[in-house]
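This report goes through one protein structure, a helix at a time and then its aromatic rings. Look at the sequence and the structure before reading on.

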Amino acid sequence: MLVQDAAAVRRPARIFVLEDDMLNALFIEDTLQFAGHEVVGPAKTIAQALAILDHREIDAAILDLQIDEHVSFDVGRKLDELQIPWAITTAHAPSFIVPQFSHVDVLMKPFPVSALLALTARLLARAEATGPRFARKPRLGQP
């Protein structure tokens, strides 16, 4: 699937990214922007990610599992509370992910552009399916 084709499949969306590795963050950001999406972040720390979620409207999220010496499970819990679909990227074995997050897609590193775009399409399909259940903050200037 070409990147242009992926952009045409779905409406542009706001995708939150949590990634502490600069090269991975740039790869994800460039891919999503080229596909027509707005990247929120990328956040580089758990604290920064949680602050962004408190102040920004997003449609979906992609989280690196390990951020420095921590795991991003607190951010995942917050996304679940907000009913925002999210996925994990990791080089760890799938068994490293706790059963509480068995509903979350996992993208194993390293991954190609096509896998990232397919993951994004699945997340956005879930976002569209859940519709008004999402807890979102209004954009500036909107009620």
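## Helix α5

In helix α5, the residues Leu116, Leu117, Leu119, Thr120, Leu123, Leu124, Ala127 and Thr130 are buried, where buried means under 20% relative accessible area, exposed over 50%, and partly exposed in between (1.4 Å probe, protein chains only). Viewed down the axis of α5, these buried residues fall within an arc of 160°, so they line one face of the helix. The arc is taken from the directions from the helix axis to the C-beta atoms.

The model is predicted: local features need pLDDT of at least 70 and side-chain atom pairs pLDDT 80 or more, while totals for chains, interfaces and linings use all residues. Residues are numbered from 1 along each chain as its sequence is written, and side-chain values use heavy atoms, with hydrogens and water left out.

The 18 residues of α5 (residues 113-130) should span 26 Å at 1.5 Å a residue, and the end C-alpha atoms are 26 Å apart, which agrees. The expected span is 1.5 Å times one less than the number of residues in the helix.

## The whole chain

The protein chain has five helices and seven strands. Helices (H or I, at least four residues) and strands (E, at least two) are DSSP runs, numbered from the N terminus. Along the sequence, their pattern is α-β-α-β-α-β-β-β-α-β-β-α. The protein chain has 143 residues, of which 43% count as buried.

## Helix α3

Helix α3 (residues 46-55) has Ile46, Ala49, Ile52 and Leu53 buried. These residues cover an arc of only 125° around the axis, which puts them on the same side of α3. Ala47 and His55 are exposed on the other side of α3.

## Aromatic rings

What describes a pair of aromatic rings? The distance of the centres and the angle of the planes describe such a pair. Rings of Phe, Tyr and Trp (its six-membered ring) pair if their centres lie within 6.5 Å; planes under 30 degrees apart count as stacked, over 60 as edge-to-face and the rest as tilted.

The whole structure holds three aromatic pairs. In one of them, the ring centres of Trp86 and Phe101 are 5.2 Å apart and the planes are at 75°, so this pair is edge-to-face. The pair links distant parts of the chain, 15 residues apart: Trp86 lies in strand β6 (residues 86-90) and Phe101 in the loop between β6 and β7 (105-108). Trp86 is buried, with a relative accessible area of 3%, and Phe101 is buried at 1%. Ring pairs join Phe73, Trp86 and Phe101 into a cluster.
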